[in-house]
Amino acid sequence: MSKTDVFRDLHQNRVPGDPLVLPGPWDAASARVFAEAGFPALATPSAGVAASLGYEDGQVPADEMFAAVARIVRAVDVPVSADVEGGYGLAPKELVERLLEAGVVGCNLEDSEGGVLKDPRAHADWLAEVRSAAADRLFVNARVDTFTCGVADPERAIERAALYVAAGADCVYPIGAPPEVLPLLRAGIRGPINVGAPTEGGPTPAELGARGATRITFGPGLQRRAARALREIAEGLRP
């Protein structure tokens, strides 16, 4: 089996309360830590990688992001999926080529830009082109940004998710969805659902899995927590 096949299989037949937990490495060193801890796969966060490169989230040039992701992939043996934001304006074929060159098994793609939701049907058409170019070589996680863009009605997220799944998305990510609406999203969405979890406080991955999450990611939370710990260490080193 290819690493992509292994990654795709990790999403199948998850029982409630046992979601796939995907830590988010921001560089090669953190990726090795997570792989050595026994996690079967990893998912890079764009904001965490951006911080490691000295940029704000959304400001990393495409070449630097793909190079950073490639270094993470080379550092570990487990499958790595990459958050590549909105695709950096690349045509679907070129985007897929860049992802495959970096060695990733999947990608996270957003459906908003600058805090504004994209037209869902146009975005679904674009996702279908990505799927066509990738065939079965990439696991596509389609982010649904309604909640973060101020649309609180879960039905709007479900409608977008249906379009993206029909376009070939392997998983959908209703980012920012309140935990209490997860059962409703689970009932209305076909296929795996990605849910973001806090690294401190709040529902645990198991609790989110029981509410309907297929897989758990952490965004830049782990990188930010590590940075806080390092800040405390640095303060203790001062004379």
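Guide: Start with pairing: two strands pair if DSSP finds at least two bridges between them. Four bridges join β4 to strand β7 (residues 139-144), and the two run parallel. Note that this is a predicted model.

Visitor: What makes strand β3 and β4 a pair?
Guide: The cut-off is at least two bridges. Strand β3 (residues 80-83) and β4 have three, in the parallel sense, so they count as paired. Within that pairing, A82 stands opposite C107.

Visitor: Why is the unit of β3, helix α5 and β4 called right-handed?
Guide: Point the strands away from you. A crossover is right-handed if the path from the first strand over the helix to the second runs clockwise. The β-α-β unit of β3, helix α5 (residues 92-102) and β4 is assigned that hand.

Visitor: Which way do the residues of strand β4 (residues 106-109) point?
Guide: G106 and N108 point one way, C107 and L109 the other. In a regular strand the side chains alternate between the two faces of the sheet. G106, C107, N108 and L109 are all buried.

Visitor: How do you know that C107 is buried?
Guide: Buried means under 20% relative accessible area. C107 has 0%, so the label holds. C171 is at 1%, so C171 is buried as well.

Visitor: What makes β1 and β9 edge strands?
Guide: Three strands form an open sheet in the order β1-β10-β9, with parallel pairing. β1 (20-21) and β9 (194-196) each pair on one side only. β9 meets strand β10 (residues 215-217) over three parallel bridges. There, V195 has I216 as its bridge partner.

Visitor: Which residues make the nonpolar surface patch?
Guide: L230, I233 and L237 make it, and the patch covers about 340 Å². Patch members need over 30% relative accessible area. L230, in helix α10 (residues 221-237), has 55%.

Visitor: Why is L230 called exposed?
Guide: Exposed means over 50%. L230 has 55%, so L230 counts as exposed.

Notes:
Residues numbered from 1 in each chain as written. Predicted model: local features only at pLDDT ≥ 70, side-chain atom pairs only at ≥ 80, totals over all residues. Heavy atoms only, no water. Buried < 20%, exposed > 50% of the residue type's maximum accessible area, 1.4 Å probe, protein only. Patch = residues over 30% accessible without salt bridge, like charges linked within 9 Å, V, L, I, M, F, W, Y side chains within 5 Å. Areas by Shrake-Rupley, 256 points an atom, 1.4 Å probe, with all protein chains shown as cover. Salt bridge = Lys/Arg side-chain N within 4 Å of Asp/Glu carboxyl O.
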